[in-house]
Amino acid sequence: MESLNWVDSTPEMKSYSLIAPAKINLYLEIIGDRPDGFHELVMILQSIELADRLQIKSNNTQKISLHCNHPQLPADRTNLAYRAAQLMCEEFPDIYDNYGGIDITIEKNIPVAAGLAGGSTDAAAVLVGINLIWELGLTQPELQELGAKLGSDIPFCISGGTAIATGKGEQLDPLNDLDHLWVVLAKYNNLGISTPWAYQAYRQQFGDTYVLDKEGIKSRTAQIHSGPLVSAIIHKDGAAIGKLLHNDLEKVVLPEIPQVAQLRRAFAETGVLGTMMSGSGPTVFALCESEVRAQQVKQEVSEMIGDPELNFWISKLTSAGIQVAS
Ligand code: C5P
């Protein structure tokens, strides 16, 4: 009888389609410097339904390949999504040898260099996707620990929803969802802001206000938990949340980029629940109680500013992080 020792050890080629939501900052306070050169932050982060779509496939080339429908995005290791795949290959070399390389296809819907964590959420999706394809069985906290090595927003992007983020932004305390609220986002096509530039500019101008001692940092961090914004979130009080939005980086970006300041004023004039720049900008969002209201606000601001370079998106807040689409 012929031997049955024919079992092919090549794993089947698997493919996952993932949804990678953008985030906005309901709150961003810069507390001080960290020994690693980053900043101690207190943030409240919020996922929105505006999302990129990623297809992650294993191939048998022992290479990572990345394709993206956005012409400005690099397809090499300067892309955070590529580096996420590279990190997984380095962390699990035997499994990488067994399964072969990874094909990543990104359908970019989130604006780039916009303060919406578009790059971080793509990287988060790559970590989640490879965990599935390689059947690693890593837990969400384990994936978040890996993500933190690549970027401060990646751990949040993995779990998503509404959360307090402290430290570099990687220490997360989840809050209840705010799925009933909507945002209008607006960004000039021709404007992009480098996050390192924004933080550097803040350090130069406000470095002398930084809290230096550990106790001081701890108490500022503790304040957010018992503060009015968290209370408004717990009560799902959109009007109160809107009034308490805050972003320290506006202090350096608004004076430098007048279009962003003008957008902020235009949204405020429409009487929305609240308006704020997201992250390091230049996207400005306006919080609204309904989709209908968001449509009206978009229309009003679009007419007020009348610039064809100004793009708008309407999106619902979501409690979801990275999701498998199929
Ligand atoms: O972590 P990530 O690569 O997204 O951060 C981008 C840049 O933002 C960093 O290079 C740093 O200049 C700045 N940053 C910071 N402190 C943080 C997070 C980001 O200074 N906690």
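**Strand pairing and the ligand site**

Let me begin with the strands, where strand 3, residues 64-68, and strand 4 run parallel and are joined by 5 bridges. Two strands count as paired here if DSSP finds at least two bridges between them, and the elements themselves are DSSP runs numbered from the N terminus, with helices being H or I over at least four residues and strands being E over at least two. What we are looking at is a predicted model, in which local features need pLDDT of at least 70 and side-chain atom pairs count only at pLDDT 80 or more, while totals for chains, interfaces and linings use all residues. Residues are numbered from 1 along each chain as its sequence is written, and side-chain values use heavy atoms, with hydrogens and water left out.

Within the pairing I mentioned, L66 has I104 in strand 4 as its bridge partner. Strand 4, residues 102-107, also pairs with strand 2, residues 39-58, this time in the antiparallel sense over 6 bridges, and there K57 stands opposite D103.

Let me turn to the ligand. Which residues are around the ligand? They are F38, H39, L41, G151, S152, K168, T195, P196 and Y199, where being near means that a heavy atom of the residue lies within 4 Å of the molecule. This shell divides into 4 nonpolar, 4 polar and 1 charged residue, counting Ala, Val, Leu, Ile, Met, Phe, Trp, Tyr, Cys and Pro as nonpolar, Asp, Glu, Lys and Arg as charged, and the others, Gly among them, as polar.

As for individual atoms, a polar side-chain atom of H39 lies 2.8 Å from an oxygen atom of the ligand, and a side-chain N or O atom of S152 is 2.6 Å from a ligand oxygen. K168 takes part through its backbone, with an N or O atom 3.0 Å from a nitrogen atom of the ligand. Taken alone, the ligand exposes 450 Å², of which the protein buries 75%; these areas come from the Shrake-Rupley method with a 1.4 Å probe. Strand 2 and helix 6, residues 195-206, are the elements that give two or more residues to the shell, and helix 6 gives the most, with 3 residues.

Finally, two backbone details in loops. The peptide bond from G281 to P282 is cis, with omega near 5 degrees, and P282 lies in the loop between strand 9, residues 274-277, and strand 10, residues 284-288. A113, in the loop between strand 4 and helix 3, residues 118-133, has a positive phi near 50 degrees although it is not a glycine.

Key: A polar contact is a pair of N or O atoms within 3.5 Å; within protein, one must be able to donate a hydrogen and the other to accept it, and residues adjacent in sequence count only if both atoms are side-chain atoms.
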